[in-house]
Amino acid sequence: MRRLPLTTAVSLTLCASTALAGPQAFSSARSFAMGGTGVAIAHPGAAGTSNPAMLAANHHEWSDDFAMVLPSVNARFADDEETVDQIDRIQETIDAFQQAQSNNNVSGARQNAGQLRDQLNAFDRDTVRVDAGLGLALAVPSPNFAVGFFANGNLRATARGEFDESDEALLATLENGTPTELATADLDQDLQSRGKVLASAVSEAGISFARSIELSNGEQLQLGVSPKFVQLRTFQYTETVSGFDDDNFDAEDAETTKNRLNVDLGAAYSFGQQKQWKAGAVVKNLVPMELDSARSKPLLEQQRTLEVGPLITTGVSHIGQHHVVTAELDLTKNEAFGYEDDTQWLALGAEFDAWRFAQLRAGLRHNLASNGDSNGIAEDTQATFGIGLSPFGAHLELAGLISDTEKGASIELGTAF
């Protein structure tokens, strides 16, 4: 049997799940750099994904006529146990054992069996996670009637090891095995320890509408709505560490999908003597959606449910000529789908604007729903940072993220005038 390296198999499963996926909400590079905030500070190009009401809010004169994001890309990676390297080393040891078998190298085969037993024990429950996002947007902001288009999504995929106790006895026997036992062993068939890949996906495309209305006290309230098409997708694949076979791999058996129309609602309100303060709120995915994962191997796989919306977020900001400071809070919890924490973010963000041509950004966010019992990779406190370059209406945005378990980056190209 031709064995496919598990790292390559993980890549194939992610491709099969599409590049636009994931339960975490998409964020622009500016939002990424400012702790994931955006409800009360989003520029027109990001309003469709952050808060559609911001399309009708007051913006700087250099961004209040037209905006385009093409594209915005982000990625995050968490592997605090070096899971990917462990997978490679396990498959290298299996190959070494089989080579020793073919050469009648009894001592070498025994040594490889003991090494493999240690590796599989260490591999148990170790997890690696990948997030990736892609988005684009067009917007024509206006206080009278604003319109925008957006399409985006995030991918979240995890791979983890699961040690089978039957392998402990098998490898302990081979570690001290007779030449006959070593010669007749078939690790491709006998090993039951496995790798699991679990991915969830949310991709969406929609149109945002917004306008500003005058209240009885003379103040302005912005309201926005984003009807959209949403696709959910889950992917679950389990195979023994010795049995990833590219000839037998069939993504359709491990995948489920669901499509539905949904809607986001947003509001924004400016206050203060110079309207320098802004409050915002958004309800994303007003219509709840659920999708169960496939179970192609019922004895080894647990059926999981991907749940999306409604997610309510509020924010407040202070916006000046050369600075932005904002705070944001999720009022509802985003339920975990895989080996991770639920999330409910409290976030802070800041931006210093150097006369429109460059922006320095930083942020911090803390997961209020983290309880240390995620049975996988925890999401607790994350620090973010970034820079924006905006010469002559074009913009390049770069951002980074770092935490105890995760690192990430984002890049965005676009224009605004």
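Buried residues are those with under 20% relative accessible area, exposed ones have over 50%, and partly exposed ones fall in between (1.4 Å probe, protein chains only). The views below show a predicted model, in which local features need pLDDT of at least 70, side-chain atom pairs count only at pLDDT 80 or more, and totals for chains, interfaces and linings use all residues. Residues are numbered from 1 along each chain as its sequence is written, and side-chain values use heavy atoms, with hydrogens and water left out.

**View 1. The buried residues of helix H6.** Helices (H or I, at least four residues) and strands (E, at least two) are DSSP runs, numbered from the N terminus. In H6, the buried residues are Asp167, Leu171 and Leu174. They lie on the same side of H6 because they cover an arc of only 55 degrees around the axis, the arc being that of the directions from the helix axis to the C-beta atoms. These buried residues pack against H4, H5, helix H7 (179–184) and helix H8 (187–190). Leu171, leaving aside its neighbours within four places in sequence, is in contact with Ala113, Leu116, Arg117, Leu120, Leu187 and Leu191, where contact means heavy atoms within 4.5 Å.

**View 2. The largest nonpolar core.** A nonpolar core is a set of buried Ala, Val, Leu, Ile, Met, Phe, Trp, Tyr and Cys residues joined through side-chain atoms within 4.5 Å. The largest one holds 18 residues, and those touching the most other members are Phe97, Leu116, Leu120, Leu171, Leu174 and Leu187. Two or more residues of this core come from each of helix H4 (83–102), helix H5 (106–123) and helix H6 (165–175). Another core, of 13 residues, lies apart from it and includes Ala47, Ala139, Ala146 and Ala210.

View 3. On a 1 Å grid over the protein atoms alone, a cavity is a set of points where a 1.4 Å probe fits but cannot get out, and a pocket is an open set with protein on both sides within 12 Å along at least five of seven lines; lining residues have an atom within 4 Å of a point. Grid points are joined across faces, edges and corners, and a volume is the space filled by probe spheres set on the points. By this rule there are four cavities of 30 Å³ or more. The largest cavity contains about 310 Å³ of space. Its lining has 27 residues, with Arg30, His43, His395, Glu397 and Glu412 nearest the centre. H3 provides the largest share of this lining, four residues.

View 4. About 70 Å³ of space lies in the second largest cavity. Among its 14 lining residues, Phe26, Gly45, Thr49, Val69 and Ala137 are the closest to its centre. At least two lining residues come from each of H3, E1, strand E2 (127–140) and strand E3 (146–162). Strand E3 also contains Asn152, which is buried, with a relative accessible area of 4%. Apart from neighbours within four places in sequence, Asn152 is in contact with Phe26, Thr49, Leu134, Gly135, Val202, Ser203 and Glu204.

View 5. The largest pocket has a volume of about 800 Å³. Of its 45 lining residues, Gln24, Ala25, Phe26, Lys284 and Leu311 are the closest to its centre. The second largest pocket holds about 450 Å³ of space. Its lining comprises 26 residues, and Asn58, His59, His60, Ile319 and Gly320 lie nearest the centre.
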